[in-house]
Structure formats: structure tokens, C-alpha cells
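Please read the report below alongside the sequence and the structure, and follow each named part in the 3D view as you go.

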Amino acid sequence: MRLPTPAVLITATALLLSACGTTENTENTAVAPSEAAASGPVTVTDSRGKAVTLKAPAKRVVALEWGEAEMVASLGVMPVGAADVAGYNVWDKAAPLTAEVKDVGKRNEPSVDAIVGLNPDVVIMAEERDSTLVPQIEKYVPVVVTKASDASRNFDRLREDFKLIAKTVGKEAEADKQLSEMDAKLAEGKKAVEAKGAAGTPFLMADGYLEGSTVSIRPFGKGSLVSDTAEAVGLKNAWTGKVDPQWGLGQTDVEGLTALTDPKTVLFYSAAEEDVFTTGLAQNAVYQRLPFVVSKKIHKLQAGTWTFGGPKSIIMTADQIVKAVTT
């Protein structure tokens, strides 16, 4: 079973394995970051470089990717609709969605009719979706497009996406507060790691899935959001294999992991449903000889730790990483 990923990652992964508002091109209009002032027209410039103007901060929001849904909900604006709500509730527990949130279809194939039927003020979606989807939705509803990921600058990208969404929904002060909390958590975690003498600990962050009887491993390389989180608290990513430029994700098999020879290496992995690291690899002789298996330095992230989320997910991930190397 293949693991859930951001719907826009499907194209990037394939490439890796084979090798009522208005929109216009204008500059972003400054709006004072205060909740009190967030009642009149709002203009934001999204990742397409397009300005999207709303009559007022959006209250009825549809989010078509889990990371974006998490960001909206964490800001105190519960989406009226989201893609694959059941999946979100399994894979992302950083900002729970209420039972009132309507499902608008799959993340890679949402229903335009379902979206429009919710009468949203705005639809927030990630970059690189089907190019025909945005114009279909924009016939009826303004669309704000996020960058979603950038392995060359993922923390800066996250801040920009979060502030973009916050301005769209009139919650800029809350966004600033959460980003400050995230920064403080990372700084606190780094101090704890250093105090324990664990700075520079090599790590592998990965998930895996079964294709028939074959186990495929997906390492999170340098530049992936969870790798940046681990490195921000003082660890060092041990995976140096090829990764894609947007998400920082690689692809390998168990034999490919034999390049990791440092006995200090720690494995962190994600598995909210099928856990191939304890089932599909339980009897694999190559896996059993890997340094982190021999030393029992293996840590499964808590179910609902979304590795492509917002500030709340970063805090949730950082807490687990720091605890693993300091206790």
C-alpha cells in the first residue's frame, strides 16, 4: 500500500523515479497585521505571482491539501470543506478538523461541484495541481495557491505560505504568534540536544510501503521539511542519495540503506497505517544488519504526525525528535 503524500507530489515522485474575487498580476497590497483591521477588502499575492482580492477576510474556506487545511484550522478558521477528510483525520492530528467539515473528494481529484456547493469565500490549494483545476474553480470562487514545498528553502517557504493563508483569512497576528512559538520550540530543542551531548547525531528520516512483496523506502533528504526540523534542533541528515528538488524526497530499497554505516545513526519513520518497518522488514536479513537496527535506535513518529504540515506539525515533530535523542 502506497503511503499518502501531498497530491501534488505524484508528478515529482514520478520524475524522480525516472531520473468571488479577482486575480491579476500586481504587487501585494499592504494590510496592517491586526485582527481589528481585518474586516475590509483583502488582497494577497499567491505563489503564482497573482493578486487575489476578496471583499473581506475569508470565513468560508475550502482547502484542497492537508498541509493547507492544517494551517487554516490552526489559525482558528475551521474549513467548511477539505479534500479527503477521513485521510486527514488519520494522518494529521496537529489541528483536528471538526465533524462539520465537508469532504470535497480526493486531493488529486476534488469535485468542483462539491466545492462550489459549499459557497466558499476562497479555495486554498497547493501549487502544481492539474493545470485545468484552477481555472475551473476560478469561474466560481477565488483561488489562492501556495508553494507547498521547496527543498532549497523549506522553512522560509513555510513562513510565506502560512502568512499568505493568514492574511487571506484575517489572522495575521495569530500566524505571527504561532511562528514565534515554532521558533522558540526549535531553539529550546537545540539547547536540550546540545546539553545532552547529542548535537550532530546522524539520522535517517523515512517512510516505506509495500508493492507486492517488495518494500520500497522513501528517505527524507536534506531540504525536506522534517529534515530541516531535525537539523534545526542539532541533528545531521545521514541520507546523501538523490532527492527531488521540491520535496527533498528520495527512493531506495533496503539494500540502498547499507550506505549508512555510522553506528550512531538514528532512524525516525512515519507509518500511520501499514508499518513495513516492523512487518515487511521483520525477517529481512539486510535490514537486521543496519546500524540503527542493531543498536535499536529506531523511533516511530506518533500516528498523525504529518510530515508536510505547518507550524503545529513542526512543533509536534520537533518534540518527538528531541525526546528520542535526549532520553
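## The lining of the largest cavity

In this predicted model, the lining of the largest cavity is made up, by class, of 7 nonpolar residues, 4 charged residues and 2 polar residues. The space inside the largest cavity comes to about 70 Å³. Of the 13 residues that line the largest cavity, Gly67, Glu68, Ala148, Arg157 and Phe308 are the closest to its centre.

Two or more residues of this lining come from each of the elements α2 (66-74) and α6 (154-169), and it is α2 that gives the most, with 3 residues.

## The helix α2

Why can α2 be described as largely enclosed by the rest of the structure? The description holds because 9 of the 9 residues of α2 are buried, where buried stands for a relative accessible area under 20%.

Along α2, the buried residues are Trp66, Gly67, Glu68, Ala69, Glu70, Met71, Val72, Ala73 and Ser74. Just after α2 comes Gly76, which takes a positive phi of about 90°.

## The protein as a whole

When the view is widened to the protein, 11 helices and 13 strands are found in it, and of its 327 residues, 54% are buried.

Technical notes:
Residues numbered from 1 in each chain as written. Predicted model: local features only at pLDDT ≥ 70, side-chain atom pairs only at ≥ 80, totals over all residues. Heavy atoms only, no water. 1 Å grid on protein atoms, 1.4 Å probe; cavity = no way out; pocket = protein on both sides within 12 Å on 5 of 7 lines; lining within 4 Å. Points joined across faces, edges and corners; volume = space filled by probe spheres on them. Helix = DSSP H or I, 4+ residues; strand = E, 2+ residues; numbered from the N terminus. Nonpolar A, V, L, I, M, F, W, Y, C, P; charged D, E, K, R; others polar. Buried < 20%, exposed > 50% of the residue type's maximum accessible area, 1.4 Å probe, protein only.
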